[in-house]
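Please keep the sequence and the 3D view at hand while reading.

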Amino acid sequence: MGRLVNAVILFYALEKLAVLLSVPLLLGAVWLKFKVHHMDGDKWEQYFRTMPNRKYTALFFVFYTIPLLAVAGIAFLLYRHFQFPEPALTALLLVVLGELRAVRKLDEHKAELWAKLRKLDRPQTG
């Protein structure tokens, strides 16, 4: 039973690591877009105003899936080192369950998320 608890804790920690790693990946992409396209405030505003919800969702999954896959590679090595049964399958399960969890969270909070994103569409008055 103790081994199972350790596996679940490691699994959860690795999934959280993927979430944390997605932040610098996103910031790096924003910085790259800034440098390559010489983005200023007006260009950023136009960019976000014209972006459809599907693109926001797709970008979210790109910036989450890349670190999730990297962490799954590390997870495979850890699972193999600690002699967990089926380390490749367990690492693959990390990716699948991580994506399913992201879909569930996005679905639960989509109205709130879209409302926040659409606030970018309206010019600020004041």
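Leaving aside neighbours within four places in sequence, tyrosine 79 is in contact with Leu10, Phe11, Leu14, Phe84, Pro87, Thr90 and Ala91. The model is a predicted one. Tyrosine 79 belongs to helix H3, and its relative accessibility is 1%, so tyrosine 79 counts as buried.

Helix H4 comprises the 22 residues 87–108; at 1.5 Å a residue it should span 32 Å, and its end C-alpha atoms are 31 Å apart, which agrees. The buried residues of H4 are Pro87, Ala91, Leu94, Val95, Gly98, Glu99, Ala102 and Leu106. They cover an arc of only 130° around the axis, which puts them on the same side of H4. An α-helix has 3.6 residues a turn, so residues three or four places apart point the same way. What covers the buried residues of H4 includes the helices listed below.

| Helix | Residues |
|---|---|
| H1 | 2–37 |
| H3 | 53–81 |
| H5 | 110–118 |

On the other side of H4, Leu89, Leu100 and Glu108 are exposed. Leucine 89, a residue of helix H4, has 52% relative accessibility and therefore counts as exposed, the cut-off being over 50%. A nonpolar patch on the surface is formed by Leu89, Leu92, Leu93, Val96, Leu97 and Leu100, which together have about 540 Å² of accessible area.

Note on methods:
Residues are numbered from 1 along each chain as its sequence is written. This is a predicted model: local features need pLDDT of at least 70, side-chain atom pairs count only at pLDDT 80 or more; totals for chains, interfaces and linings use all residues. Side-chain values use heavy atoms; hydrogens and water are left out. Helices (H or I, at least four residues) and strands (E, at least two) are DSSP runs, numbered from the N terminus. The expected span of a helix is 1.5 Å times one less than its number of residues. Buried means under 20% relative accessible area, exposed over 50%, partly exposed in between (1.4 Å probe, protein chains only). The arc is that of the directions from the helix axis to the C-beta atoms. Contact means heavy atoms within 4.5 Å. Patches are made of residues with over 30% relative accessible area and no salt bridge: like charges are joined within 9 Å, nonpolar side chains (Val, Leu, Ile, Met, Phe, Trp, Tyr) within 5 Å. Accessible areas come from the Shrake-Rupley method with a 1.4 Å probe; for residues, only the protein chains shown count as cover. A salt bridge is a side-chain nitrogen of Lys or Arg within 4 Å of a carboxyl oxygen of Asp or Glu.
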